[in-house]
Amino acid sequence: MKNVVVVGSQWGDEGKGKIVDWLSDQADVVVRFQGGHNAGHTLVIDGITYKLKLLPSGIVRPGKISVIGNGVVVNPWALLEEIKSIQDQGVKVTEENLIIAETANLILPYHSEMDEIREDAAGKGKIGTTRRGIGPAYEDKVGRRAIRLMDLRSESNLDQRLDIVLQHHNAIRKGLNKKIYEKEELKKELMKIAPEILKYSQPVWKKIDEFKSENKKILFEGAQGILLDVDHGTYPFVTSSNTVAANAATGSGCGPDTIGYVLGITKAYTTRVGEGPFPTELEDADGEKLGKRGHEFGTVTNRKRRCGWFDGVLVRQTIKVAGIHGIALTKLDVLDDFDEIKFCEKYELDGKEIDYFPAAVEDQKKVKPIYKTFKGWKSETKGIRNIEDLPDLAKIYVGAVEDFIGAKISSISTSPEREDTILLENPFDN
């Protein structure tokens, strides 16, 4: 039995929510393994819309176990608010269907404050973070001064851990002429919510091992996209965690042999939120049209997404970096009304053609896309569920994508509705 990892193959916002929802219906366990409450999934089930940030997508389905792994940074207040929100929608959340790694690192108020201070001070050099404290929380984790979920079990231990972390943060705040952070009020607030969140706490690595021995189907759910990976993305305009599929193992405490199939969610065009290089970005009528037809606004931030043509060079690169076996091509129907559709198949850099995305940000900003142009099909694909029913010109475009990126297309999404999917291969069956 193959366990499946779902990752975004671009800059996030590829439509993972719909695909993860479909796969979570087949899975027994759904695991979040990185990121925080800065990325969201929108799920529509039986006409009810659920907006999830930290909770795995399986939480809205009865009989599924949802796991927040050690690789996730958790804002405890945001998590409890999210739990209450979906409970108000009729979803049951208990210690039986939600497990949080006892070693998960916490996002605390001084993290989001530091995020804002840095972004405001950066001016033109800002990264475009969601200002939710994700980066500073991961910095504390790597700096070995973080507060972890298990630290809430003991007031004396929490007191000691807060002394260590605030010594660091208050030194920076003083240097920036900001008010220092007082420990006692924060400690009081944390101890107040400790019982509410600790009841979900378990050693996740041990639970994953049990699930494997019981032959449960495990779905590992990634956040953001590979091009935002802190090592393999458009650094420094990236998130602060590893978004590649390999981190599903590290971020949940299991071996890489646990992973059987890697599914890359891939939009039929390209979008990006925030700052950073974007070779195929369109700042014209076509870009506006993509944004309007695709409803390109962030689930969490509601920020308008930048839009551009499909970048085959980038997706081919992320497929190699993440070990993607197959892709789910989403939002094909957004392209229905274009006379011409373009596809980036190489770049020009300083007068030379290259077939990969360079690592240096100065080069990333200079590359110019070299396009292959396709005739638009100018007919509606929305709601099509059989590959044979696609217009011939749409089949040509999809086939060109598959041939160029070097990975099989396992499904094609033709609307936001879950049922409007052309299924070519089920990841759990391969």
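Buried, as used here, means under 20% relative accessible area, exposed means over 50%, and partly exposed lies in between, with a 1.4 Å probe and protein chains only. Helices (H or I, at least four residues) and strands (E, at least two) are DSSP runs numbered from the N terminus. The model is predicted, and local features need pLDDT of at least 70, side-chain atom pairs count only at pLDDT 80 or more, and totals for chains, interfaces and linings use all residues. Residues are numbered from 1 along each chain as its sequence is written, and side-chain values use heavy atoms, leaving out hydrogens and water.

**The parallel strands**

Let us start with β15, where five of five residues are buried. Both of its faces are covered: Gly 326, Ala 328 and Thr 330 are buried on one side, and Ile 327 and Leu 329 on the other. Two strands count as paired if DSSP finds at least two bridges between them. By that rule β15 pairs with β11 in the parallel sense over five bridges, and with strand β19 (residues 408-413), again in the parallel sense, over four. Ile 265 has Ala 328 as its bridge partner in β15.

Strand β11 (residues 259-267) is largely enclosed by the rest of the structure, because seven of its nine residues are buried.

**Helix α9**

Which residues of helix α9 (residues 285-294) are buried? They are Gly 287, Leu 290, Gly 291 and Gly 294. These residues lie on the same side of α9 because they cover an arc of only 95° around the axis, the arc being that of the directions from the helix axis to the C-beta atoms. They pack against β13, where contact means heavy atoms within 4.5 Å. On the other side, Ala 285 and Lys 292 are exposed. At the start of α9, a side-chain oxygen of Asp 284 comes to within 3.1 Å of the backbone nitrogen of Asp 286. After α9 comes His 295, with a positive phi near 50°.

**Aromatic rings**

Rings of Phe, Tyr and Trp (its six-membered ring) pair if their centres lie within 6.5 Å; planes under 30 degrees apart count as stacked, over 60 as edge-to-face and the rest as tilted. This rule gives nine aromatic pairs. Here are two of the pairs.

| Pair | Centre to centre | Between the planes | Type |
|---|---|---|---|
| Tyr 110 and Tyr 181 | 5.6 Å | 80° | edge-to-face |
| Trp 309 and Phe 338 | 5.5 Å | 70° | edge-to-face |

Trp 309 sits in the loop between β13 (306-308) and β14 (310-311) and Phe 338 in the loop between β15 (326-330) and β16 (340-349), so their pair ties together parts 29 residues apart in sequence. Trp 309 is buried, at 3% relative accessible area, and Phe 338 is buried at 1%. Tyr 110 counts as buried at 0% relative accessibility, and Tyr 181 at 16%.

Elsewhere, ring pairs link Phe 310, Phe 343, Phe 374, Trp 377, Tyr 397 and Phe 404 into a cluster. Phe 338 also has Lys 289 over its face, at 4.5 Å from the ring centre. A charge sits over a ring if NZ of Lys or CZ of Arg is within 6 Å of the ring centre and within 35 degrees of the ring normal.

Conventions. A polar contact is a pair of N or O atoms within 3.5 Å; within protein, one must be able to donate a hydrogen and the other to accept it, and residues adjacent in sequence count only if both atoms are side-chain atoms.
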